[in-house]
Amino acid sequence: MKGRNLILVALIFFCNDVELNQSYGQGFQVNFQGQKQQGMGCAGSSLVQDASALFYNPGGASFLNASEVNAAVTPIFGNVMFVDSFTNKSFRTNSPVGTPFNLYALFKVKKHHRLKYGLSITTPFGSTVQYEDNWIGRFALTRLELKAIQFQPTISLRITDNIGIGGGLVFTTGAVNLQKDLPIQFYDGSFGHAEISGKAIGWGYNVGIHFKANEKLNVSSSYRSRTNMKVTSGNVQFTVPESLNQSFPDGNLTSGIPLPSVATLGISFKPAKRWDIVLDVNRVGWKAYDTLSFDYALNSPSLLDTKSVRNYKNIFAFRLGAQCNVLSLQEEKKMMLRAGLGYGFSPVQAGYVTPETPDGNRVYFTSGMTVFLSSHFNLDISFYFTKVTRSDRNLETLLSGTFTTIALAPGFGLNYSW
Amino acid sequence: MKLFYCHIIALLLLALMACKPKEPMLSAHSGTADFSKFVAIGDGHTAGYMDDALSLHGQQNALGTLLQMQLQLAGANPTILPWLDPSNVGINTQQQARLILGYKTDCMGIQGLSPIRFSAQGEVVSLTQSAYIPNQKYSNYGIPGLKMIDMVSNLIGNPNDQKYNPYFGRMSMDQFVLPMAGTWSSVQENVLFGGYPTFSSIYLGLEDLLPYAKSGATQNPMTPVSGLPNVGFDESINQLLSQLSSNNAKGVIATLPDVTKFPYFTTIPYNGLKLDAASVVTLNQIYGPLGFAFHIGDNAFMIEDPGAGMFGVRPMLPGELILLSVPLDSIKCHQMGSVFPLRDEFVLTLDEIQQVQSRTTAFNQIIRAKANEVGFGVVETSPFYEKTNAGFVYNGASLSAKFVSGGVFSLDGIHLNPRGNALLTNEFLKAINVKFKSNLPMLNALNYNSVLFP
């Protein structure tokens, strides 16, 4: 036990510097928390296959028969192109490869078979987007980095043979770094720059209930609460010509950003021995993100507190997938193949599309497989693809054009149970 | 085997990174217009006059130059200008260099940002040497100070005449081929010499108004609305457009904005006279007998107005304008505008503003009517200037007509800076696209310099 925890801690430390990348979920949501789910259109909250149930539905975790550790990473290769509608010029991002990850540890309680406890460490929100130098929207944004890591200690109890409930406290630690150019020019013609950075923490919870109707049908419901990430000791730094230094004082700032609630209804159905079909419906409470405000400790006539309207709306996402055991029904020799797709509505309303989250309604496709190397050990891989196109004229910056995003995300996971 | 897999994985990663959205194939076309022999005709705006001088950098970012650059996407001829010296010192008719923003210490010993000359003297030699090259046609006849009525003038190319315009003189063919006795060629003759343009852009008329307004309505009378070519606005534009539209040639012509809204006239507030208790006492003693009272804080400046009572002095009224030519140190330290009223040449009164505005309106009516007659497109500049006066957001940047900080006007408060020229160019492009069904793309104005700060 102790040894394993040490490994976990080491992994967390190693991963603390992860970069996330937009374009794999609505808003700045990242829906990559389990390789098996990712193979099936990111659905499967009601099909308990591994310790990722801690995240997807704490109520279902109690249905796992073994103790288990699970680690996975999903590098995201995202490319955004913006075509300005007035100049016809196109601009691209050169964002770093995103690396959302998840670590799960789920343990049996020896004398209480119905009780499980565990810890999940996930990155369900985040975004790093870096636009090419001198792009047309440079005065709106040049780079945004939003990182969030959620720690969720969880208890799951199977209250009857058919019903499991569970819950966990979610502690989120995050960091934000936002940069843009200022339309103020030095003698050499170069532009000023502003960089806002800060760390944030927030608290929330994750609860769920799992109902096993019969051997063929499972239904589950879960709710991950909203987390208000508060930036209490942020910092703003200006690079401006010397004669304007007093107009743009460096200093502290406060801000905040909400991570929205996610309510999920999941159904899994077993039409035949080798087959599973899963459906998840998410309701994401993006309405919480109505304004992005920065309150500067030092103001000047040129530097006033800003309130930038985001006006996000609550959205639905529908995710459908299936898996098939293609080799053998024996535990050690199974091999699962998966495929799925999903449709997500964008929380970003017309007039509010920003370079931070060039988001649109999206269709995505996924596939995946699990290879069972032994009765204790299995290896997951998954693959995700989406292309999103969104045209808009932002009401605040009046930047007008079309964002096209292509994102590919191959995922890899290891699962050890005993 | 292991090496083999490593290669496969590396290839896969490369493939993943290479999957990018494809750029749309968009090509500009000229619609029903033919840009192959384009010429820009105008005053300092078209030439690239800014920061109170003409310089190479200004020419490169001139209205005419930027417009032609976009027209070249749909077949326009190469840009040929009488380029000035790469030293970028700049030159105006008072032999001065261009303005830059620098530090200046005022009469009270306070150092602050202020327009200052880039160097003690302008690139004088540039205006005295001919830039004319035989068999090479300029594509930009932007000439600082050029009026609508000057197009057929035989005097502005004559170095011995009082009306001589050295910016024109250096590019006129006469500088190379000596004219017959007494017949110096006009701007129009230069434009049409060696082949008529197939497409022209015209932004003329501001200089028919500005010299009067800039003198505080004391001299340089405005061009009369009607009169013969070289005298009146209507016949001058008439003959110009009938020449440029012959052989079914096309073009656009711009209407004129309200020049009294330029920062040159609006930067100093009419009530910018800040008084303390002691000054209030002094001024009330002086002006009390005339019935004028002062108070602590903001007061209206005192101005000369021959029509104002026995002493010809009165406080300014809201809406009246103080010109940027006013000596600010005299206001700050020598009681100009208070004990000593502002001279007429530094002020536009309500009546004078009205005169300029109604003349502008009359010119614009003529411009629209004549353009329609010959099938030219009309570039309405007023909406752009009004939007700028109100302030607007453009691709995330706030822009306005405010002096220095607004980011659109150059440091002379009259001419636009490169960014302003790019914005105005977009108005020309929009008008061309609408009139001639072309699809020329706009410029990203933020790629062009604004005021540079030390």
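User: Which residues of helix 4 of chain B are buried?

Analyst: Some ground rules come before the answer. This is a predicted model, where local features need pLDDT of at least 70 and side-chain atom pairs count only at pLDDT 80 or more, while totals for chains, interfaces and linings use all residues. Residues are numbered from 1 along each chain as its sequence is written, while chains are lettered from A and ligands numbered from 1 in the order in which they are written.

Now the terms. A residue is buried if 20 or more other C-beta atoms lie within 10 Å of its own, exposed if 12 or fewer, and partly exposed in between, with C-beta atoms placed from the backbone. Helices (H or I, at least four residues) and strands (E, at least two) are DSSP runs, numbered from the N terminus.

In helix 4 of chain B, the buried ones are B:Leu63, B:Gly64, B:Thr65, B:Leu66, B:Leu67, B:Gln68, B:Gln70 and B:Leu71. That is eight of the nine residues of the helix (63–71), so it is largely enclosed by the rest of the structure.

User: What covers the buried residues of helix 4 of chain B?

Analyst: For that you look at contacts: two residues are in contact if their C-beta atoms, placed from the backbone, lie within 7 Å. The cover includes strand 1 (38–42), helix 2 (44–47), helix 3 (56–60), strand 4 (140–142), strand 5 (199–203) and helix 15 of chain B.

User: Strands next. In what order do the five strands of the open sheet in chain B run?

Analyst: The general idea is that strands of a sheet pair through backbone hydrogen bonds, either parallel or antiparallel. Here, two strands pair if DSSP finds at least two bridges between them. The order in chain B is 4-1-5-6-13, with parallel pairing. Strand 4 and strand 13 (377–379) of chain B each have a single partner strand, so one side of each is left without a neighbour in the sheet.

User: Which strands does helix 15 of chain B lie across?

Analyst: Strand 5, strand 6 and strand 13 of chain B, at about 155° to strand 13. For the angle, axes are lines fitted to C-alpha atoms, for helices over the stretch in contact, and angles run from 0 to 180 degrees between N-to-C directions.

User: Which residues have the most contacts inside the largest nonpolar core?

Analyst: In soluble globular proteins, nonpolar side chains tend to be buried together. A nonpolar core here is a set of buried Ala, Val, Leu, Ile, Met, Phe, Trp, Tyr and Cys residues joined through C-beta atoms within 7 Å. The largest has 186 residues, and B:Ile322, B:Leu323 and B:Leu342 have the most contacts inside it. Helix 15 of chain B gives the most to this core, with eight residues. Take B:Leu342: leaving out residues up to four places away in sequence, its contacts include B:Phe301, B:Ile322 and B:Val347.

User: How far apart do the C-alpha centres of domain 1 and domain 2 of chain B lie?

Analyst: They lie 35 Å apart. The bounds, from an automatic or database domain assignment, are 38–266 + 350–447 for domain 1 and 273–348 for domain 2 of chain B. Where they meet, 17 residues of domain 1 of chain B are in contact with 14 residues of domain 2 of chain B. Helix 8 (210–214), helix 10 (263–266) and helix 13 (350–374) of chain B each supply at least two residues of the domain 1 side.

User: Where is B:Asn248 found?

Analyst: In the loop between helix 9 (233–244) and strand 6 (250–254) of chain B. Most residues other than glycine have a negative phi. B:Asn248 has a positive phi of about 65° although it is not a glycine, and with 9 C-beta neighbours inside 10 Å it counts as exposed. B:Val404 also has a positive phi, near 65°, but is partly exposed, with 18 other C-beta atoms within 10 Å.
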